[in-house]
Amino acid sequence: MTDTLTSSESPVADLPGGPYDIEFFFDPGCPFAWQTSVWIRRVAELRDVKVGWRFISLKFINEANNPPPAMSEAQQRGLRYHRICAAARERLGNDAVGALYKAFGDRYWYKEIPGDFGEKFAAATANVEPGAILAELGLPADLLAEADNESWDPLIRAESDEAFRRTGPDVGTPIISYFEADGTLGNSLFGPVISDVPADDETTVALYDALRVFVDYPGFAELKRTKRPPLDLPLFS
């Protein structure tokens, strides 16, 4: 666990529209981040938790691992969508990023696609049309051109690095940072990794409250089990 840092000490700029109660680092192609984001959005509704959306690129964090071609292609498509999100955040603010992430995931994870793990990711990503998402959300159509604008990559890479600076190395996604009431950046954790989203509001907030107990104790570092149900997403059926 890294030492607690204030927002002003962070090497990345504060998100527009803050301060936030949490910052959620996402890659649009990560199923674990997606499940957790669905849960945290419901927490935000029930507890008035303000969510700031940051980027963590599977393309960048896996670039030294030589992933299979299908997976690499899917991660590249995720990076292109990150660029659109980065441009939208600069022009329109944090809420636009949240809307873009949700619209991507709603299209990506809920279709049954045959094939192995990498083939499913590649096919699902190819089925998501960013231009159609922008049109549906009423966002500027010219944001689509930003998908090929590599000038956003230093920002996306910096936020990816920042996620691991806050947690320490050898973790995955999702990563969530938690802020104190005065806006000070508190502890950050990998997870929670959940196979399915709680079916009722009581469990939804109970999970959040339990997690905050661990988060707010500075000496806490890790709980883990690898035995869990399959991801409850049609893409993996």
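**Helix packing and cores in a predicted model**

Helix H3 (residues 69-92) packs against helix H4 (residues 94-108) at an angle of about 150 degrees, with their axes 7 Å apart. This is a predicted model, where local features need pLDDT of at least 70, side-chain atom pairs count only at pLDDT 80 or more, and totals for chains, interfaces and linings use all residues. Residues are numbered from 1 along each chain as its sequence is written, and side-chain values use heavy atoms, leaving out hydrogens and water.

Colleague: Which residues of H4 make the contact with H3?

Modeller: Contact means heavy atoms within 4.5 Å. From H3 come Tyr81, Ile84, Cys85, Ala88, Arg89 and Leu92. On the H4 side they are Asn94, Ala96, Val97, Leu100 and Phe104.

Colleague: Which residues touch the most other members of the largest nonpolar core?

Modeller: A nonpolar core joins buried Ala, Val, Leu, Ile, Met, Phe, Trp, Tyr and Cys residues through side-chain atoms within 4.5 Å. This core has 54 residues, and those touching the most other members are Phe24 and Leu100.

Colleague: Is Thr173 buried or exposed?

Modeller: Thr173 sits in the loop between helix H7 (153-167) and strand S3 (175-179). Buried means under 20% relative accessible area and exposed over 50%, with a 1.4 Å probe and protein chains only. Thr173 has a relative accessible area of 9%, so Thr173 is buried.

Conventions
Axes fitted to C-alpha atoms, helices over the stretch in contact; angles between N-to-C directions. Helix = DSSP H or I, 4+ residues; strand = E, 2+ residues; numbered from the N terminus.
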